[in-house]
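Dear colleague,

Here is the structure I promised to hand over, with my notes on it below. Please read them with the model open beside you.

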Amino acid sequence: MTYLPHIALGDLGKIAAVAAIMAGVVCVSEAAWIHAKASLAQALIGAAWRREQAGSGSAQPWPWADTRPLAQLMFGEGANAPKFMVLEGSSGRNLAFGPAHDPASAAPGEAGNSVIEGHRDTHFALLRDIKVGDTLHVETLASRDVRFRVTNVRIVDSRRARISLHADIPRLTLVTCYPFDTVVPGDPLRLIVTADHVTADQVTAVHMEP
Amino acid sequence: MCLFHLASRAAVTVSIVGLFAWLSGAPPASAHEPLEARSGTLYLKSSPDAEAYEALRVATTMQAQITGNVARVHVTQAFSNAGSDWVEGLYVFPLSADAAVDELFMKIGERTLRGEIQEKAKAQAAYAQARSEGKQASIVDQERPNMFTTAVANIAPHSTVSVEITYLETIPYRDSRYTLRLPLAITPRYTPGAGLDPAAPLAAANAAVVNAEDGTSATPERVTASRQNVDITVELAAGFPVGSVASLHHVVDMKDDALGKQIHLGGSQIPADHDFELVWTPAAAGDVETAAFAEKVGDDTFALIVLTPPNAADEAIQAREVTFIIDTSGSMQGPSIEQARAALQLGIDRLTPSDRFNIIRFASDYSSLFAVPQPVDASSRVLAGQFISALRADGGTEMRAPLERAMSTPPNVGLLRQIVFITDGSVGNEAELIALINRQIGTTRLFTVGIGAAPNAYFLEQAAAAGRGSYTFIADREQVASRMQDLFRKLERPALIDLKLLWPDDLTAEVAANVPGDVYAGDPLVILARLPRSPSGHLTMSGRMRGNDWVHQVQITRVGEQSGLSKLWARERIADLSRHLQFGGDREQLRSSILDLALKHHLVSEFTSLVAIDDVVVRPPGSSGHVEQAPTSAPTGSYWATTGFAKTATPAGLLLYCGLLCITLGGLLCWTRSRRQMAS
């Protein structure tokens, strides 16, 4: 009498167990792929960038790419400073490959506010440790190095905040999701880092002032 | 035993099926969350799909009654919900920075509910509770001193809720004309509220945001096309014969009535990208005009003193000795130093042959154009021009020596001595510098000018107060020329020097803000004071005018409690305390002073809100609803990030957790199965 339901339950259990393990493997590999894609794309885009800067080929990182690198963003000084290729257009797909530039805003390094967004858990994870006074560099396609200093770090509610694009000087606004540690994506808060253009002389002057 | 197994397996299976459904694309949070699901702050979606419903509209009606130089303004905002959902409406609107917002009335059908003033957090909690209970409620918060938010909870489908907000303000009088400004547009800002401490780590920055009392909460701005439904009525009872009345940006209807003039602006296609500005002038501008009013509220008496100096045009220019001190430290590099050079040249150009002047530049060291101030002639002008064009920004900021030097030169008899101090810099020895100014200022006046985005405003304001001058803050470099022009014009025409007030019966008055040392032509002085008891007799004002001693006695007129002098005094006192708060005063103490004043005088402030809550539950439980923000006009020529905020978090972390969870569950299932099979 108890045989039939026992069989049914047993099969269901087996299916559930196998399905759960399969789903788990899919999820874990998907997570790994997100990170792999973020690093791999940066390497490919970096190579394309150097090709284009050297004048020996297109900045298209891979044949089917529908975006191009716009600038290189460097956090700090020196050869080991973290650097990222900034892509044009802040679509979800571009964000998977690198920090992306809002095309409505000024080009990085030009006068005006340049808005660059990045994922909190891949490229822009390092914004967790950024502080006022930190130095950023933007290298444009024309090999011009523009130096910025972080003037403000704040958290805003994206449902309520807006970013003004007006600025007299070159300004960078870096945007990423906040807080950094939540598991479920989609939090409305954003970390906003503002950095203003500085000339070489100003940097020295700042160090001189107590 | 068998039942328990059955139940636990079913539970596991259901939860796995659920996980699959969830992972296959169901969003983590529904776009149409029921109202109950939310708590705390107001809600606004910025994603494109959120714009799909636009049921909410706000129509604004303004009525201003002007009596003398005080305006009582009623702003009615009608929130209309044209949709079939219940809506929580949010509207951000601008008011002038010294508006004393004191009443909120919510009109539901035939009933009117009066709002209560409460501590901001309490008011917001009460509002949130009423919202979730399905009651109609409204709240008015101050976002910035000149920007307010109204929220109205549970607006029924196809219905309207009207909210009336009232405020008082004194009308500024400059250059022989009064200007009433009713703001219609908000300038979008990216950096609202108090700045963060540059040295503060991110954790502190986060704490500041979570604590919305800090004013660091983001600005809820949503702007729209520049034409709006506007209806404005102004009843003008100037209290004196009016020369001319004009609206600066809008075409208005004007007619005379029993009390004075009535001005009306109304229609559906009113350009709202400019504020409504109404100016009027007295028919005859006389000599010094003074007026004093007092209002008794409880044990206290509040007084408003207005001192209008003679018109600028017929006032002789006072001979002066001006020392310009200019900061040439490294931080002035670039546009700042160029603007400062231009401003300085302008100051020299405006000097007259009867004046004397000197220029001192400082960075880590200092140097001056002349050893002592020299008369203005052709050769000294040429030397000044050369000195100015050679100014370069480099080095540190050592303010003490140049200040001491400027103050210690022996004064020239008959000349009014002014120091104009132009800087963008920060200093560490503020207290020492203020003490130095207090000790050595003598009869000299110190005017400080802060250029750039982040001058040490607290120091510059305190320094100007100690030096009995004024403080000019120029954030936008494009404004340097015009603002400096205004300052220099003012400095040329001090109408009344060394002003002193003597209250009747030796009363000690608590003035809302510092009384400046001199009064300048075209720039009347408005003093708000609190007195311990009703004054009998005259207020005596003394000073020097055109080289002679000047004494004036003013009769204090008693006015009724409706005049709102106490509220105007409290508002100005709060503004003064807020400045100290912003410039780094004792936070807890200032906060509690502001809170006490605002609660006592029924005023909206950064720590208090007006909230009105109905008793009736109108929204049926479980009915759907959402929040909408009604658009406010943007001024001409503002720029925005159009795309809003991208989703800048990947699901990688979530996928990893879920994946590991699934594998664990699967493993657990296999293990229990094999154990069962072994057992059987």
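**Notes on the model**

In E8(A), A:Leu191 is the bridge partner of A:Ile155; strands (E, at least two residues) and helices (H or I, at least four residues) are DSSP runs, numbered from the N terminus. This is a predicted model, in which local features need pLDDT of at least 70 and side-chain atom pairs count only at pLDDT 80 or more, while totals for chains, interfaces and linings use all residues. Residues are numbered from 1 along each chain as its sequence is written, and chains are lettered from A and ligands numbered from 1 in the order in which they are written.

The bridge between A:Ile155 and A:Leu191 belongs to the pairing of E6(A) with strand E8 (residues 189-197) of chain A, an antiparallel pair joined by nine bridges; two strands are said to pair if DSSP finds at least two bridges between them. On E6 (residues 145-157) of chain A there is also an antiparallel pairing with strand E5 (residues 135-140) of chain A, through five bridges, and here A:Leu136 is opposite A:Phe148. E5(A) and E6(A) make a hairpin with four residues between them, and A:Ser143 in its turn has a positive phi of about 60°.

These strands are part of a closed barrel of eight strands in chain A, which runs E1-E2-E3-E4-E7-E8-E6-E5 with mixed pairing. Elsewhere in that order, strand E3 (residues 100-101) of chain A runs antiparallel to strand E4 (residues 112-117) of chain A, with two bridges between them, and A:His101 has A:Ile116 as its bridge partner in E4(A).

Chain B holds twelve helices and 35 strands, and 41% of its 680 residues are buried. A residue counts as buried if 20 or more other C-beta atoms lie within 10 Å of its own, as exposed if 12 or fewer do, and as partly exposed in between, with C-beta atoms placed from the backbone. Of the contacts in chain B between residues at least 6 apart in sequence, 76% join residues at least 24 apart, where a contact requires that the C-beta atoms, placed from the backbone, lie within 7 Å.

Beyond its neighbours within four places in sequence, B:Ala303 has contacts with B:Ala292, B:Phe293, B:Ala294, B:Ala529, B:Leu531 and B:Ile556.

**Chain B: around strand E25**

In strand E25 (residues 445-451) of chain B, seven of seven residues are buried. E25(B) pairs in the parallel sense with strand E24 (residues 416-423) of chain B over six bridges, where B:Gln418 has B:Arg445 as its partner. E25(B) also pairs in the parallel sense with strand E26 (residues 471-474) of chain B over four bridges, and there B:Gly450 is partnered by B:Phe473.

The buried residues of H9(B) are B:Val480, B:Met484, B:Leu487, B:Leu491 and B:Glu492. Seen down the helix axis, they fall within an arc of 135°, so they line one face of H9(B); the arc is that of the directions from the helix axis to the C-beta atoms. Among the elements that cover these residues of H9(B) are helix H4 (335-349), E24, E25 and E26 of chain B.

In helix H6 (residues 400-408) of chain B, the buried residues include B:Pro402, B:Leu403, B:Ala406 and B:Met407. These four cover an arc of only 125° around the axis, which puts them on the same side of H6(B), whereas B:Ala401 and B:Ser408, on the other side of H6(B), are exposed.

With best wishes

Notes. Contact = placed C-beta atoms within 7 Å.
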